[in-house]
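Try each task yourself before you read the solution.

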Amino acid sequence: MRILHTSDWHLGRSFHGAGLLDAQRGFVDALLTTVKDERVDVVLIAGDVYDRALPSVDAVTVFDDAIVRLRDAGATVVATSGNHDSALRLGFGSRLLERAGLHLRTRLADLDTPALVEGEDFTLAIYGLPYLEPRMVAEQLGVEAPGHQPVVRAAMGRVRADLATRREGTGTPIRSIVMAHVFAATGLSSDSERELSIGGLDIVPIEEFDGLDYAALGHLHGRQRLAETVRYSGSPIAYSFSEANHRKGAWLLEVTAEGITSIDAVDWPAATQLRILRGPLEELLADPGLAGAEEAWCQVTLTDRDRPSQAMERLRTRFPNTLVLNFEPEGRPAEVTRSYRDRLAAAESPLEVCTGFIDHVRQRPPSEAEAELLGRILQQATSGKVER
């Protein structure tokens, strides 16, 4: 049996104001190609199907289309809710949809009720842990200690108990997978993920998933291996510039009666490339080595000593898809790079206060003509004489 582990589709998300629905439709096309070419039997979605609790109509349409096409290709789909999803909305009609091959695990009551998929000589039990907000589920799980680890431990206790009962009651081998949307130990985060805790202390150790054949994790957007059978698939497309160097895709598992026999990476090409550029404005505009960035979505950090005038407009003459512009001046005098508060406190005249404010806002000092104009205005204001 062949299983495709995906997560964090985030349907409906935008990228610094740029719409991503076309890119997400492209991902669905790539997903279907993989399912058909690799003869995938089951597709897992480990949380964050949507980007918000109340998804747009267009986002719901993309998901609906994806599920229909996956079922037409012969794949069973098992999905859990993540911290971005509304568990209630995503799980609507789950009992009816299960008859059509879409298994939704969004309710706490269903976390120890696996989706059962029959292989030739074994049964695969797929358990889905919806995102477990500790404050909301601790009492129902009988947990007194705060945090994600205690509630995941309690949930996994129920999963193991159900799995043990099923194995005792049948002579057919049962293999097992658990899906969970968590921040597990040793995982590397990115900027596009919503924090699951404060201070980075609420981490779930991977040992909590011991006893099952594979843990299909969601939440972190970089595909990564925490242990041989504990992995994040990552998001299928990039959702922040911190993911510019990620290889997006999924994990393809081969499961037999003996267990997991292989786990291979599946890569999906990006619809739009991301580029992070840094340097002085004129050098970026003239550098022939940056031709590949002209069609990419760009994050640009300008290092000019003084902030260039109309920087974004000039950048977009060559890099029209510049979405983020930062300024980190290099080589500016120490008195200029001091905090605005310190510079204001050290100002010796009203003119220095005004020119310092302009420099702080524009990140470049006023020109000689501007400084002269400011001086005349201040002189008139203090003398009470106004030039006509």
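**Exercise 1.** Find Thr76 in this predicted model. In which strand is Thr76 placed, and is Thr76 buried or exposed?

*Solution.* 
- Step 1: Look up the element; Thr76 sits in strand S5.
- Step 2: Check the relative accessible area, which is 15% for Thr76.
- Step 3: Compare this with the cut-off: buried means under 20%. Thr76 is therefore buried, at 15%.
- Step 4: List the contacts, skipping neighbours within four places in sequence. Thr76 then touches Asp41, Val42, Val43, Arg71, Gly101 and His103.

**Exercise 2.** Now turn to Ala23. Which helix holds Ala23, and which residues is Ala23 in contact with beyond its neighbours within four places in sequence?

*Solution.* 
- Step 1: Ala23 belongs to helix H1, which covers residues 21-37.
- Step 2: Ala23 counts as buried because its relative accessibility is 17%.
- Step 3: With neighbours within four places set aside, the contacts of Ala23 are Ile237 and Ala271.
- Step 4: Compare sequence with space. Pro236 is 213 residues from Ala23 along the chain, yet their C-alpha atoms are separated by 9.9 Å.

**Exercise 3.** Describe the largest nonpolar core. How many residues does the core have, and which helix gives the most to it?

*Solution.* 
- Step 1: The largest nonpolar core has 41 residues. Those with the most contacts inside it are Leu4, Trp9, Leu11, Leu31, Val35, Phe63 and Trp268.
- Step 2: Sort by element. At least two residues of this core come from each of H1, strand S4 (42-46), helix H2 (57-72), strand S5 (76-80), strand S6 (102-105) and strand S13 (249-256).
- Step 3: The top contributor is H1, which gives seven residues.
- Step 4: Zoom in on Leu11. Apart from residues up to four places away in sequence, Leu11 touches Gln24, Val49, Tyr50, Asp51, Ala59, Val62 and Phe63.
- Step 5: Look for another core. A second, separate core has 32 residues, including Ala125, Met156, Val159 and Val230.

**Exercise 4.** Characterise the interface of the two domains. How much area is buried between domain 1 and domain 2, and how many salt bridges are counted between them?

*Solution.* 
- Step 1: The domain assignment gives domain 1 (2-267) and domain 2 (274-383). Their C-alpha centres are 45 Å apart.
- Step 2: The contact takes nine residues from domain 1 and eight residues from domain 2.
- Step 3: About 700 Å² is buried between domain 1 and domain 2, and carbon and sulfur atoms give 86% of this area.
- Step 4: On the domain 1 side, His16, Phe241 and Ala244 supply 68% of the area buried against domain 2, more than any other three residues.
- Step 5: Between the domains, the count of salt bridges is zero. The rule also finds zero residue pairs in polar contact across this interface, with both residues at pLDDT 80 or more.

**Exercise 5.** Examine the backbone at Asp8 and Asp48. What is the phi of each residue, and where does each one lie?

*Solution.* 
- Step 1: Phi of Asp8 is near 55 degrees, a positive value in a residue other than glycine. Phi of Asp48 is also near 55 degrees.
- Step 2: Asp8 lies in the loop between strand S1 (2-6) and strand S2 (14-15), while Asp48 is in the loop between S4 and H2.
- Step 3: Asp8 is buried, at 0% relative accessible area, and Asp48 counts as buried at 1%.

Notes: Residues numbered from 1 in each chain as written. Predicted model: local features only at pLDDT ≥ 70, side-chain atom pairs only at ≥ 80, totals over all residues. Heavy atoms only, no water. Helix = DSSP H or I, 4+ residues; strand = E, 2+ residues; numbered from the N terminus. Buried < 20%, exposed > 50% of the residue type's maximum accessible area, 1.4 Å probe, protein only. Contact = heavy atoms within 4.5 Å. Core = buried A, V, L, I, M, F, W, Y, C linked by side-chain atoms within 4.5 Å. Domains from an automatic or database assignment. Buried area = accessible area lost by both parts, 1.4 Å probe. Salt bridge = Lys/Arg side-chain N within 4 Å of Asp/Glu carboxyl O. Polar contact = N/O pair within 3.5 Å; in protein donor to acceptor, adjacent residues only side chain to side chain.
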